[in-house]
Amino acid sequence: MKLLWPLILRRAPGFLLALALSVLTLAAGAGLLGVSGWFLTGAALAGTAVAFELFAPSSAVRGLSFLRIGARYGERMTGHAVTLAMLSELRSTLFARLIPLVPMKGVAGRTGDFVARLTADIEALDMVMLQAVLPLLTACTAAAGLALMLWLTLPEAVPVGVAGFALTALAVPLALVLGGRRIGAATVSASSDLRVAALDGIDGHGDLVALGATEAGMERFNAAAAQLRVARLAEARRVALGPALAQLGAGLTMAATLWLGLEALASDRISGPILTGVLLAILGLFEVTGPILRGAGRIGSALAASRRVSEIVTTRPLIRDPLAPARLPGEGPLVIDHVSYGYGIDRPVLTDVSFTAQPGERIAILGASGSGKSTLLGLITRLDDVNAGAIRFGGIDIRDATLADLHDHIALLTQDAPVFIGTVRDNLRIGSPFADDATLYTALGNARLAEFVRGLPQGLDTWLGESGATLSAGQARRLCLARTLLSPARLILLDEPTAGLDGATEAEFLGDLLTATEGRTLVVATHAALPRAAVDRVVRFEDGRLVETERR
Ligand SMILES: Nc1ncnc2c1ncn2[C@@H]1O[C@H](COP(=O)(O)OP(=O)(O)OP(=O)(O)O)[C@@H](O)[C@H]1O
């Protein structure tokens, strides 16, 4: 709830309107039942002893029923509109907070789990507002109305009426909430596990089929689905308790009031029609306890969801902008100065690495798989900070610059760069949002993809499926490379840029790197055999140490 309060306060007028309409709906409903009870009893008695006026009560009944319909419609529209707007803002806030948490070591968690937090968990919060906060505030007003009505008509019933109402609308839901926290947490975690199993199954479908392991994938999914079914069933049982308890509370309060009312009737302190009206109005006011008790059964999940969402919001990103940032110069040497780094304290990945890339220089980092090449490129773009030593660009420690400034100067093509859903143009413009077609084709040409794109029926406007499903692995790689080359950064870092290219294309491409990165500094981590002219210098890594530097 701590998370929701600022968002609720920002939309206070909308929520107050929804609350006012909710109170009006309840008052109209209670009034409708009360007047009907009084009217029907009065009319029945009129035939015998009491003279009764019909016109005013029947108009009141009609008026109140229209008022109730209109107010309920308005309340639903306003309540939902303001709640959905609030959740949409929460989703955007959460997504923005999530991004800085992902790099390098990442936050403890899995993609499917984060998707669940952004979708199902936030959806679970919508009932907090619509089935808990608004009805509870309405119930407080209803309790005051009930006390006033009884005090005016049957004062001796005030304690029993208010106590019955408070028990049903507050104490019982509170007990349901406290008892349902464990079930709620189990439901939310089972729902997240199911998403993870589904995403894994879809992503790895090809491999599961090829390995004849679809059954194992199905089993994982089915186990997660069964777990969710058990958790949901336990929750549904609690939710089903709600309406029954609401009926019980209303029934007992009415019976106690009736008992006191019959004594008052016998001693002429209340009339028959008024007593009937009061009893039915009580029934009307208890209507608000229905959503509260139904919601109380599910609030355990909402609380668990809210905790998971808060975890993201309150986790401080590891990499943050400095308070007083220095500006990086347009050009300058990249200095790797005695850098050491490890993902955990006990396993160093880079040890005391030092080298300098002068402006315009092309450096290849070679080394066996796992020797720390990608790790170093990640550190240069501040996906994480070094454990010891420093990385400087143009004489400025990159930790002293803002991330935005750093990424304007240094661009990285990661080993697993993704193709995003969208067109070829959408994908390329991520690297340079305002680039015209000629610039896009130049970058595509440098990545040896221009002919392919020109041959597509819709050229740059061709739609690429999810993760570039309509491209071959090599084409997807070259598209990502073209995107990196479009960046205005003066220093380009390429991690295995030729992965997915065939031997002949790889050699041609490496030869072309010179033109593609003309005038820029280039650091490329690769396993490929490099043509002599492709780079100015080769540095070789072995187990995280720089063991050799060779000038070409
Ligand atoms: N996110 C991570 N968490 C923990 N350890 C990691 C992580 N990423 C890499 N490592 C470890 O760090 C070491 C260096 O990995 P890195 O990816 O930098 O090597 P590499 O030289 O780029 O290998 P490759 O040529 O296969 O891409 C490896 O032992 C790897 O297991």
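This is a predicted model: local features need pLDDT of at least 70, side-chain atom pairs count only at pLDDT 80 or more; totals for chains, interfaces and linings use all residues.
Student: Where does Gly474 sit?

Tutor: Helices are DSSP runs of H or I with at least four residues, strands are runs of E with at least two, and both are numbered from the N terminus. Gly474 belongs to helix H15 (residues 473–486). Its C-alpha atom is 9.7 Å from that of Leu449, 25 residues apart along the chain.

Student: How many of the residues of H15 are buried?

Tutor: The count is 12 of the 14, so H15 is largely enclosed by the rest of the structure. Among the buried ones are Arg477, Arg478, Leu479 and Cys480. For length, the expected span is 1.5 Å times one less than the number of residues. H15 reaches 20 Å from its first C-alpha to its last, close to the 20 Å expected.

Student: How do I read a strand with two faces?

Tutor: In a regular strand the side chains alternate between the two faces of the sheet. Take strand S10 (residues 521–525): 5 of its 5 residues are buried, so S10 is largely enclosed by the rest of the structure. Thr521, Val523 and Ala525 are buried on one side, Leu522 and Val524 on the other.

Student: Which strands pair with S10?

Tutor: Strands pair if DSSP finds at least two bridges between them. Strand S3 (residues 362–367) runs parallel to S10, joined by 4 bridges. Strand S9 (residues 491–495) is also parallel to S10, over 5 bridges.

Student: What is the strand order in the open sheet of 4 strands?

Tutor: The order is S2-S1-S4-S5, with antiparallel pairing. Strands S2 (347–357) and S5 (396–397) are at the edges with a single partner each, so one side of each lacks a neighbour in the sheet. Further in, 5 bridges link S1 (residues 334–344) to S4 (residues 388–393). There, Leu334 has Phe393 as its bridge partner.

Student: How do I describe two packed helices?

Tutor: Use the angle between their axes and the distance between the axes. Axes are lines fitted to C-alpha atoms over the stretch in contact, and angles run from 0 to 180 degrees between N-to-C directions. H5 (residues 158–203) and H7 (residues 214–266) pack at about 170 degrees, with axes 8 Å apart. An angle over 145 degrees counts as roughly antiparallel, and H5 and H7 are therefore roughly antiparallel to each other.

Student: What about phi?

Tutor: Most residues other than glycine have a negative phi. Asp352 has a positive phi of about 50 degrees, and lies in strand S2. Asp543 has a positive phi near 45 degrees. Its place is the loop between strands S11 (537–542) and S12 (545–551).

Student: Which helix gives the most residues to the shell around the ligand?

Tutor: Helix H10 (residues 373–380) does, with 3 residues.

Note on methods:
Residues are numbered from 1 along each chain as its sequence is written. A residue is buried if 20 or more other C-beta atoms lie within 10 Å of its own, exposed if 12 or fewer, and partly exposed in between; C-beta atoms are placed from the backbone. Angles under 35 degrees count as roughly parallel, over 145 as roughly antiparallel, 65 to 115 as roughly perpendicular and the rest as oblique.
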